[in-house]
Amino acid sequence: MITAPLLEIAVLVLGMVILMIEAFAAKIDKRLLAFAGIIGLAIILFATFFVVPSPSPSNATGFWSFYTADRLAIFFKQFALLTTMVVLVMVIDYAPVVSKWLPGAAPQTGLGEFVALPLFACAGLMYLVSAIDFIFIFVALELVSISFYVLVSFTRRNPTTLEAGTKYLILSALSAAFLVYGIAWIFGATGQTNLYRLAAALANAGGDSAAALLGIVFVLVALGFKIAAVPFQIWVPDVYQGAPTPVTAYLSVASKAAGFVVLIRVLQPFMNLPQTERLIFVIALLTLIYGNLAALPQTNLKRLLAYSSIAHAGYLLIGVVCFDVRAIIFYLVAYLVMTLLSFAVLIIVAQKTGEEISDFDGLAKRSPFLAFAMLIGMVSLAGLPFTAGFLGKFYIFYAAVLQREIALVVVGVITVGCGFYYYLKVVRAMYWQSDSRTDAIPVNSLSRVTISALIVATIWLGVYPQPILDALKH
Amino acid sequence: MVLFTIFCPIVAAVLILVGAPARKTALAASVLTFAAALFLFVSLDHASGDFQHVRSFSISPEWRLNFATGVDSLSAIMVLLASIVTLAAVWFTGRIEKFENAFYACLLLISAGAIGAFASIDLFFFYAFHELALIPTFLLIGIWGNGNRVAAAWKITIYLAIGSFILLIGLILLYQSFPLPSRSFDIRVLRTAAAMGQIAPDAQRHVYLLLLIGFGILISLFPFHTWAPEAYAAAPAPAAMLHAGVLKKFGLYGLLRLAIPMLPEGARHWATLLVVLLLGNIIYVGLVTIAQKRLDWMLGYSSVMHMGYIFLGIASFGVLGVTGAVVLMFAHGLSIALLFGIAGELRRRTGTLAFDELGGLARVMPFAGLAFGIGAFAAIGLPGFANFAGEIMIFFGAFRNGWEIGQFHIFQIATVLALWGVVLSTVYMLRAYRITFMGSIREQWQKLPDLSPMLRVPVTLLVAALLCFGFCPQFFVRSVAPAFGTFLSANSDTQTSSQVAMRRLQTAKPGREHAPQKRGYSMR
C-alpha cells in the first residue's frame, strides 16, 4: 500500500527527471517530455486510489499534525493531477508559441522547463490541500506561487507576458506578506498554528477573540488574492490575458481550487464567529457583482474568461457563506471541466486567428468540432441544464435558499442573467457571424481526445452527478 | 412510449447534425412523434387522473432524484399539442439557404424540450427539459431571423434565462418547504404530501410568488411580456410557431401542475395581484395589439394577450375555469401556430409584413386567405372552434367561482373587463384580415402563387384539430376535469357554483354522459 506523502514525492521526482532530460538531452523532440509527464501523472493518479488513510488529524502528532490525507485531500490531489495532465496536453499545443517567444540555439530550448514547472506547481497544490497547519500552508503556497512566477512570465520576450509576470510577482508577494502577518496574529492570540488545535483554543478563549479575528482577516486577504475575490482581483484580468494560455488555464483552475480548499480548512475554526460570516458575505456579494458586470463589455476571450473566473469565485463564495462543502467541491469540479474545455479550444483557435471574440467568427463553418466544444463549454459556464455548470449552480443555490441568504440569491440570479449575455456572445460569434477565412483548423489527435473527454465529462456530470457526490461523502 | 416521444426528436436532431437528409428525417421523426402522442392520448385511462406509462431511472438516490417520465390527461394533451405543432412547423419549413441541417435540428430540439418538460414527473427534469430549448431558440432567431434579429435574440434569451433561474429558486424553495421525510423531486410524492397539508401557508405564499414571477416571465405575463412580440416577429415562422404555440405553454402547464395541487393558499393570497396583471395582459396589451402596423408584431402581441384569458382560468381556481384554461391552451397553441405559419408564407412570398404594403392577397392566394381567416376566427373565439369552448368555460368559471375580497367580487369585475377583450381581439384580427387579404391588390403581388398542395396538409391538420375539439370539447373536459377535481375540492366542503355552471354547460350540450360530481373551491 501507498502512504499519501509518497504521491507528492513522486510528482517532484518526475519533475526533476524531466528537468534533467531537458538539460542533458538536447537532441530529442521536447514535446516527448510532455508526453512523459502526462503518462507519469496518470500513473500517480492511478496510485491515489490505493492510498491508506492517515491517522485522524485532531489528535495526530509529528508529521501528521502538519499533513493530513483525508478524503477531501485525496480528492483534491486527484483534481490537481488531472488538471495538470490537461494542462500538459495544452502545453503540447502551445509549444510553437513558446518557441516563438523564447530565444535559444535550438528551436525548442526551454520547452522542457515549461513542462517541469507545472509539475512542481502540482506538487505544491497537492501539499496545499493536505496542509492542516498554518506553517505548512504557507510553505506549500510559496512552492505553488514561485512556480507560477516563472510560468506566468515564461514567454519573456513578449511584453504583455512580462507585464503580467511583474504584476503577479509583486501582488502575490504582497499577499504572502499578509498571510504571514495574519498567521503571526493568530499564533499570538491562541498559541497554535495547527488548525484543529486552533479550533479548540478558540472555543476555550470564550468571548475574547479580537486578535485572532484580526489575524483571520489578514489571512482572508491573502486567500482572497489566490481565489480572485473582490477587492483582491485587480491583478486577474491583466495576468490572465498576458500569461501563456496553458498557464492561464492552470492558474484559473488549480490555483483557485487550492485556494478554496485552504479557505474551507482555515475557516472551519472561525466559521462559528458571526463576524467572519458577515465579512465573507460582503466579499461574495462584491465578487458576484464585479465579476459579472465587468465581464459584460469584454471583447477579448482570455480577458472574458478572467472576469468569468472572478464571477465563478463569487458563486463559490456563496457556498462558503453557507459553508456547504460538498456544493463548493462539486462546483469546483464542474468549473474544472468546463474551464479547461474552453481554454483547450481557445489555445488551438487562437494560434490560427487570435484571442479576440471576433476571431471566433464563423468557427462553426470552419471547424464544427471545435465550435461545438466551445458551445458546450460556454453553455456550461452560463449554467444550462444537462451540463455540469448547471448542477454546480443548483447545489450552490440550494444551499443558499436553505440558509435563507436572500440577498445572495437575488444578486446571484441577476448575475446569472449577465452571464448568459457574455457567454453567449462567444456562441454568437461562432454560429451567427460569418468570416472570410473558411479553411479548417487542424486539431491533433491527443487534443481531440482530450477535448472529447472534457465534453463528455461536462455532460456526464450534468446528467449523472452521483459518482462525484459519492466520492465526497464523509 | 413516453420515452419515445421525448427521444425520437432528439435522436433525429443528432442524426441530422451528423449528416442525415434534414427535411426527410425531421418529417419522419415528427410524424412518428405525433403518432406516438396520439396513441398515448387515446390509450390513456382518463378516469384515473394518475400518471400512467411511468418509467423511472434513479439518478441520485441521495437527493431522491429520478429520471421519471409518465403522462396523465393534462400532460398527454400537452404532448399531443406539442407533437401536432412540431409536425406543422417542420412541414412549414421551406428551403433554408444556410445551415439547413442545423435549422431542423434546432426545431426538433425545441420540440423535444417541450415534450420532455410536459412528460416529466420529476421536478428537476421538468425544469431542465424546458431549458433545453433555450439555445436552439437563440440560434434560430440569431441565424435565420429577420428584422431586428440581434436585439430580439438577446432579449428573449436573457429574459428567459432570468425567468427560469427565478423559477429554479422557486422550485428549490418548494422542495425545501416540505418536511424532510417527504422531500422528493417526484411530483406525485410532493402532491400527496401537499394534499396532507405539509406546506405551511406562509411558505406557500413565498413559493407561489416566485413561481408566478418565474413562470410569468416565461408565459409573457404583463409586465414581463415585452420580449415576446419582438422575438416572434424576428423569429423564422417555424420557430415562432413552436415557441408561441408550445413552449410558452410550459409556464402555464407548470402553474397547473404545481401551483394548483400544492399551493392553494398561495394562489388565494396572490389572486388579486394576478387578476390585475392578467387584466394588463388582456386590456393593455389588447389595445397595444390594435395599434400594431405589422402583421408579425400584431400576431406576437395577440398571443401575449390571449395568455391573459388562460391566467384568468387558472386564477379562478375552480374546476370549470381551470379546465377551460387547459382547453384554451391547446386551442391557442393550434390557432397561433396556424396564423404564424401563414404569416411566414406571406413573408416568404412578399418579403414584407407591413400592413400598408399588403392588401387584396385573398384574390391571388385564396387558400391562404381562407386558412388565415379560420385561424383569426378561432383566435377571436368564434363558436365551433376549440378556443370558444375554452374561453366560455373560463368566463363562466371565473364569474361564478371566484371569491369575494371584502364586499368586492374581484373575479366578476375581471370577467366583465376580460369579456371586452374579446371585442378588442375581434377588432385587431378582423382589421388585420381586411388589410392583408381584402381590398385592392398591389401591382407587384398580382403574380403571387397560393400555398402549394404540400403546404395545405399541415394547415388542414391544424384546422381539423381546432374544429374537432371545438365541436367536442367534452372529450377534453371529461378527461381533464377529474384530475383537478381532487385538488380543487380539497379545501372546501361546500358545493359551489362551479359545479352549477359546469352542469349548465353540460345540459347545453345534450347527449353527454354525466361527468362525475366535482366540488369547487370557495373561500366563503
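The bend at a residue is the angle between two axes, one fitted to the seven residues ending there and the other to the seven starting there. In this predicted model, helix H14 of chain B has a kink of about 25°, centred on B:Gly280. Helix H14 covers residues 271-290 of chain B, 20 residues in total. From its first C-alpha to its last, this helix reaches 28 Å, close to the 28 Å expected at 1.5 Å a residue.

The contact between the two chains was examined next. On the side of chain B, 38 residues are in contact with 36 residues of chain A. The size of an interface is often given as the accessible area lost when the parts come together. For chain B and chain A, about 3,400 Å² is buried between them, and 81% of this area lies on carbon and sulfur atoms. B:Trp63, B:Trp154 and B:Phe165 supply 18% of the area that chain B buries against chain A, more than any other three residues.

Four elements of chain B each give two or more residues to the side that touches chain A: strand E1 (52-60), helix H5 (123-132), helix H6 (134-144) and helix H7 (149-176). Helix H7 of chain B gives the most, with 16 residues. By class, the side of chain B that touches chain A has 29 nonpolar, five polar and four charged residues.

Polar and charged pairs across the interface were also counted. Zero salt bridges are found between chain B and chain A. Two residue pairs are in polar contact across this interface, both at pLDDT 80 or more.

Note on methods
Residues are numbered from 1 along each chain as its sequence is written. Chains are lettered from A and ligands numbered from 1 in the order in which they are written. This is a predicted model: local features need pLDDT of at least 70, side-chain atom pairs count only at pLDDT 80 or more; totals for chains, interfaces and linings use all residues. Side-chain values use heavy atoms; hydrogens and water are left out. The expected span of a helix is 1.5 Å times one less than its number of residues. Contact means heavy atoms within 4.5 Å. Buried area is the accessible area (1.4 Å probe) that two parts lose on being put together, summed over both. A salt bridge is a side-chain nitrogen of Lys or Arg within 4 Å of a carboxyl oxygen of Asp or Glu. A polar contact is a pair of N or O atoms within 3.5 Å; within protein, one must be able to donate a hydrogen and the other to accept it, and residues adjacent in sequence count only if both atoms are side-chain atoms. Ala, Val, Leu, Ile, Met, Phe, Trp, Tyr, Cys and Pro count as nonpolar, Asp, Glu, Lys and Arg as charged, and the others, Gly among them, as polar.
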